[in-house]
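Subject: Structure handover

Hello,

Here is the structure I promised to pass on. Please open it alongside this note.

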Amino acid sequence: DQVHYLVMAHSLIDDGDFNLKNDYTSKKFSSYFNDELDPHIPKAQLSSDSPKWYSLHNPGLSILITPFVYIMGWKGAILAMILINFLLLWLSYIWVKKTTNSNIAAIFSTLLLFGSTFYLGLVGYIFPDLLMATIFLASILLMEKSVKTPLDYFLISILLGGAIWIHIKTALIVFTIGIIVLFELVNK
């Protein structure tokens, strides 16, 4: 899937759109992926006479990495993901410290997360999983504030709105957090 997010980012940079037909058929991806690549396109669109091919993947991650890809190429995408991955560690530290009121517990849990195979297995890879965890942890930290400003609600809405663009499997979590926040706003 990583290459397909790069294909979308390059299409946005080169063509200004997410129509990937010319990207896959002309093998534009060969500058950063030197193997055959089956397009991740819905089967109904995948024909030579179809005018547009759109990815099966949501475009949010590609939009997020596009500035990094524009500046640094495919290595920029990896840098963007590493920065997001370390943001997750920092937010984890903040959340555990806030929850336990213990700096030692926060450091220990952050180091435990940093050393876990599921975290290390995704660091630097262009996958939405750790990005989604970062978005939801940031949302939860904002929700836990006892006194919220309009900026806090705005940030929560940006995070939740962005999460849907990252991956469709975030919809249930976005809906749940959204209902809680709306309930809180109505009862203010």
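Below is what I found, starting with the cores. Note that this is a predicted model.

The largest nonpolar core has 36 residues. Leu6, Val7, Tyr24, Leu61, Ile65, Ile126 and Phe136 touch the most other members. Helices H1 (2–14), H3 (60–72), H4 (74–100), H7 (129–143), H8 and H9 each give two or more residues to this core. Another core lies apart from it, with nine residues, including Leu88, Leu89, Leu91 and Leu130.

Look at Val7 next. Beyond its neighbours within four places in sequence, Val7 contacts Leu20, Asp23, Tyr24, Phe29, Tyr32 and Leu37.

Then Ile41. This residue sits in the loop between helix H2 (21–25) and H3. Ile41 counts as buried because its relative accessibility is 5%, and the cut-off for buried is under 20%. With neighbours within four places again set aside, Ile41 contacts Leu20, Tyr24, Leu46, Trp53, Tyr54, Ser55 and Leu56. From Ile41 to Leu83 is 42 residues in sequence and 29 Å in space, C-alpha to C-alpha.

Last, the H8/H9 pair. The axes of H8 (150–166) and H9 (171–186) come within 9 Å and cross at roughly 160 degrees. H8 is therefore roughly antiparallel to H9. Their crossing is left-handed. H8 makes the contact through Tyr153, Ile156, Leu160, Ala163 and Ile164. H9 contributes Ala171, Val174, Ile177, Gly178, Val181, Glu184 and Leu185. By class, that contact has 10 nonpolar residues, one polar and one charged.

Best wishes

Terms used. Residues are numbered from 1 along each chain as its sequence is written. This is a predicted model: local features need pLDDT of at least 70, side-chain atom pairs count only at pLDDT 80 or more; totals for chains, interfaces and linings use all residues. Side-chain values use heavy atoms; hydrogens and water are left out. Axes are lines fitted to C-alpha atoms, for helices over the stretch in contact, and angles run from 0 to 180 degrees between N-to-C directions. Helices (H or I, at least four residues) and strands (E, at least two) are DSSP runs, numbered from the N terminus. Angles under 35 degrees count as roughly parallel, over 145 as roughly antiparallel, 65 to 115 as roughly perpendicular and the rest as oblique. A crossing is left-handed if the near helix is turned anticlockwise from the far one by less than a right angle, and right-handed if clockwise. Contact means heavy atoms within 4.5 Å. Ala, Val, Leu, Ile, Met, Phe, Trp, Tyr, Cys and Pro count as nonpolar, Asp, Glu, Lys and Arg as charged, and the others, Gly among them, as polar. A nonpolar core is a set of buried Ala, Val, Leu, Ile, Met, Phe, Trp, Tyr and Cys residues joined through side-chain atoms within 4.5 Å. Buried means under 20% relative accessible area, exposed over 50%, partly exposed in between (1.4 Å probe, protein chains only).
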